[in-house]
Amino acid sequence: MKKSLLAVALAAAPFLANASESNGIGYTYAQLDYVYQDGAQVDGINAYPNGFNLSGSYAFTDNVFGTASFGGTEDSRYHAKYKNPNWSLGVGFNTAIGANADWVSQIKYADSDARVRLDSDFWGCTDCRDNLNHQGGQVTTGVLGRIVDGLTANAYLGYEDYNHRYDGNFFADFGMVYSFNKTWGLHGGLKLAEGVDTYSVGVRASF
């Protein structure tokens with residue numbers, strides 16, 4: 001299943017004959033976001049973790065770029081503490097599909113820890129810690145376009161899969177960036193996955 005989805009993402013490669021720099025959409029930036037998750041399940045407990053994520057992208061050519069991210073979220077409730085440090089590395093391919101839009105496909109390796117610590121006095125446990133290191137990946141594909149001068153938006157469909165009893169999951173990823181000038185802009189994002197909605201808002205520096 002994962003190999004088939006990877007092949008679908010790579011199927012965009014033959015369309016890379018069209019350069020996309022001419023439409024003014026850039027792929028070299030650094031971004032810092034505040035992140036909030038709604039509906040996460042941690043050992044059967046509803047959690048609402050929040051935190052920060054630092055991400056970036058670098059355009060190697062007009063049509064190929066690399067991505068990286070590092071961050072984490074956490075939450076404390078029901079006499080338990082949850083932490084989710086995570087990072088990713090990936091590569092993306094983009095091609096112009098119009099004067100104001102690109103078709104973008106990305107492949108990422110992702111590493112995500114799920115750490116839970118229970119209050120031993122409340123839960124009566126002897127081994128009150130649980131730690132799962134989820135390793136896997138994501139593939140996404142979709143459209144990134146300039147709506148008006150200074151405002152870009154994306155709509156991607158993706159699939160992610162990890163080890164340690166994590167079932168593969170489809171998701172939708174939406175985002176918008178409003179640029180005040182050539183360097184600085186504001187970012188807002190929404191990721192809709194099965195049972196979990198992830199919201200992000202932050203600042204982007206483009207180069």
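A: **From the whole chain to one part**

Of the chain's 207 residues, 42% count as buried (under 20% relative accessible area, with exposed over 50% and partly exposed in between, using a 1.4 Å probe on protein chains only). The model is predicted, so local features need pLDDT of at least 70 and side-chain atom pairs pLDDT 80 or more, while totals for chains, interfaces and linings use all residues. Residues are numbered from 1 along each chain as its sequence is written, and side-chain values use heavy atoms, leaving out hydrogens and water.

The secondary structure comes to two helices and twelve strands (DSSP runs numbered from the N terminus; helices are H or I with at least four residues, strands are E with at least two). The order from the N terminus is α-β-β-β-β-β-β-β-α-β-β-β-β-β. Among contacts with a separation of 6 or more, 52% join residues 24 or more positions apart (a contact means heavy atoms within 4.5 Å).

**The barrel**

Ten strands form a closed barrel in the order β1-β4-β5-β6-β7-β8-β9-β10-β11-β12, with antiparallel pairing (two strands pair if DSSP finds at least two bridges between them). On average, neighbouring strands of this sheet are turned by 20° against each other, direction ignored (axes are lines fitted to C-alpha atoms, for helices over the stretch in contact; angles run from 0 to 180 degrees between N-to-C directions).

Begin with β10 (residues 169-179) and β11 (residues 184-193). Nine bridges pair them in the antiparallel sense. They form a hairpin with four residues between the strands. Phe-171 has Ala-193 in β11 as its bridge partner. The ring of Phe-171 also has a charge over it: the charged end of Lys-191 sits there, 4.5 Å from the ring centre (NZ of Lys or CZ of Arg within 6 Å of the centre and within 35 degrees of the ring normal).

Gly-189 belongs to β11. Its relative accessibility is 15%, so Gly-189 counts as buried. Beyond residues up to four places away in sequence, Gly-189 touches Phe-174, Gly-175, Thr-198, Tyr-199 and Ser-200. Gly-189 and Met-176 are 13 residues apart along the chain, and their C-alpha atoms are separated by 6.5 Å.

Next comes β12. Ten bridges join β11 to β12, and the two run antiparallel. Ala-193 turns up again here: its bridge partner in β12 is Val-196. Two residues lie between the strands of this hairpin, where Gly-195 takes a positive phi near 85°.

Then β12 meets β1. Strand β1 (residues 29-38) and strand β12 (residues 196-206) pair in the antiparallel sense over ten bridges.

Ser-88 lies in strand β6 (residues 80-98). At 8% relative accessibility, Ser-88 counts as buried. Its side chain makes a polar contact with the side chain of Ser-69, at 2.6 Å (a pair of N or O atoms within 3.5 Å; within protein, one must be able to donate a hydrogen and the other to accept it, and residues adjacent in sequence count only if both atoms are side-chain atoms). Leaving aside neighbours within four places in sequence, Ser-88 is in contact with Thr-67, Ala-68, Ser-69, Lys-108, Tyr-109 and Ala-110.
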